[in-house]
Amino acid sequence: MAVSEGCSSSSAAPAVGSRVILFGKHRATVRFLGAVEGQAGQWVGIEYDDPSAGGKHDGSHAGRRYFHTAHPTAGSLVKLAKFLEAADPGRSLAAAAHERYGSENGASGSADAGSSIDSSSSAQQLQQQKHVLLPTALGSGQIAVELVAPAAGPGAAARRQSAGGGMAAALVAHRVSSVGNSADLRTALPSLTELDLSDNLVASWQFVAQLAAALPELHTLNLSGNRLALPGLEEGHASPAGSGGAGVPAGLAPPAEASLAGLRCLVLNGCGVGWPQAVAVGRQLPNLRELHLCGNGISSLALPVAALQGAPEGAACAQAAGAAGAASSKQAASPGPASSTAAALLAAAFPRLQLLDLDENELSSWAELATLGALPALRTLLLSGNRLAAVEYTGGFASLRCLLLGGCRLDSWASVDQLDLFPALEEARLSDNPLTAASPSSARYQCIARVSRLTTLNASTVSAAERWDSEVNYLRQVTDELAGDGADEAARAAILAANPRFPALTQKYGELTPAAPRASAGTALASSTAQLTICHGAKELQKKLPVSLTVGKLKLVLERLLRIKAAQQALLLVPPADSGGQPEDITDDDSKELRYYDACDGCRLEVSTADPAARAAALAAAKAAAAAAHAARMEQHEKQIQQFRAVEQRLMT
């Protein structure tokens, strides 16, 4: 069977746990080597990264199990001779780096097919850099991408200066399976601080230890798409990502901590990593600041009982357990002492972790996340694309500033109210949840009003003016609800319970007058609509509209009624003459609902073309007319008071 150009066809038997590329395109892991019952010769058991690439079973054949796989159809048994013919065991990082980047003295230089960059461009183009935001695969968030123009000269192919001043390099899908000669690697990648090795053939954590020793300045490493065996929580044991520990013998000793002390950011997206393995990795990296675990199918953050029983019990862990007790006391999965032990273990494993990325996993219960509140330095927690239906704050998370929950299954305002209990939360993402998808504009103001410290929502800054608008709008809405159900104390209590920030907002802004009289039973429709008189020139018409209608949608209605393009409309909402309210120009904010402007029966909506001078004049004239009407009413009221006093004086004498 043909092997793609550049593949090795060594006759040496593969090691269990090694990574290979089969037939030039399918990445796989060797899980078994030996005899198969009823078959002649030596056989190799392989687990495909992609089960559809050629997998047939889960490691069992003819009723006997030879190895385990993460997917029920990812395994296959292949004759050793056929395997050696089709397998590419990869190459060293040093060789790949020299081939792609060349050495500093100008040696080497042809890049891999499909990865070369035209080096004839002017060196000045290196300065032409732009940053863009691209959506993630499921659209629940965005990532920053730096676009760098090519530069001329050996070694300049794709190596670039990192944001921190060091050098960054990317060798994605370059068949890297080993580190190679350390001196050659340092020659090809001098002063390297950031390295992307996504979709390669890295098979073990020992690779990471050797790499860190060879590149002492390295602080950011991306191993996404590599199914490598990671250290277990029990010392001396390594388990392959995605295999649950089956098929790979114990005995991979943890590397010396000194060689890994420089790593601050580790990316393990799509590696099949389980949470216990992630915790074990944290214990190997004392200065870890960022850990990315996207798309690993993680459904639980529970730790094995053996790990909890063997957790360290030093003073540091005891102190961490005390700090995390409130956060984990309600965790259903491991109540009581076990919960405190898990919290202490996490705090000891991740003492400096500031960002934890669990996007696009299978987490469905907030109880699974409670022990994360023990992480002392955690500032950013990414949970978008999980199956979370509710948020329940139980304590902890003292340093958490950012919580992203986009694309989850949140369907209750109670979850948003829980966010206000996080002591330091300033940024949140709640887009693409059932709760916010129906009406994003109105959902935004509710989220801002319900979470008092939010400064950024869905990647958009919350200005002081937007907070004021949102909180007053929310306060008006709750006030109207309370007025509508005032006769029923049980309903009133339920409304107050569902809106826990109402007392604080009432204290901040004062009590508001309900926009309409209290509705009696059976008049819910009447209280949710307003009979408006729409005026355009000499034309007048009556229209009953829902007060939940936004200004933007109102413009579309008016476009059909009056034949004026929405972009050309100027809208002036004039309250009833006896209300004492002031006319408002509502043209510019399409996201606001009519209820925000206290639209009610008897209001007049004056529509004109969008001439700024004419709008200003119309608004001034309407306000002057309203002021004159108010003055006339006050004068009439004063006259009535004087007449009453005159009558009172005559009666007294």
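So, E466 comes out as partly exposed, at 22% relative accessibility. Keep in mind that this is a predicted model. What does E466 form a salt bridge with? That would be R444, and the closest N and O atoms are 2.7 Å apart. E466 sits in helix 13, residues 464–484, while R444 is in helix 12, so this pair ties together parts 22 residues apart in sequence. R444 itself is buried, with a relative accessible area of 17%.

Okay, how many salt bridges does the structure hold? It's 19. Another one joins E99 and R91, with 3.1 Å between the closest N and O atoms. Is R91 buried or exposed? R91 counts as buried because its relative accessibility is 13%, and the cut-off for buried is under 20%. E99 is partly exposed, at 28%.

Then there's R64 with E37, at 3.7 Å, N to O. Here R64 belongs to strand 5 and E37 to the loop between strands 2 and 3, 27 residues apart. E37 counts as exposed at 55%, and R64 is partly exposed at 42%. We also get a network of salt bridges linking R19, R27, D49 and D199.

Now, on to the nonpolar side. The largest nonpolar core has 83 residues, and L211, W275 and L372 touch the most other members. Which helix gives the most to this core? Helix 4 does, with 6 residues. Take a look at W275 on the screen: among the residues W275 touches are L293, F350 and L372. And apart from that core lies another, made of 22 residues, including I534 and I586.

Definitions and conventions:
Residues numbered from 1 in each chain as written. Predicted model: local features only at pLDDT ≥ 70, side-chain atom pairs only at ≥ 80, totals over all residues. Heavy atoms only, no water. Core = buried A, V, L, I, M, F, W, Y, C linked by side-chain atoms within 4.5 Å. Buried < 20%, exposed > 50% of the residue type's maximum accessible area, 1.4 Å probe, protein only. Helix = DSSP H or I, 4+ residues; strand = E, 2+ residues; numbered from the N terminus. Contact = heavy atoms within 4.5 Å. Salt bridge = Lys/Arg side-chain N within 4 Å of Asp/Glu carboxyl O. Lists of a residue's contacts leave out its neighbours within four places in sequence.
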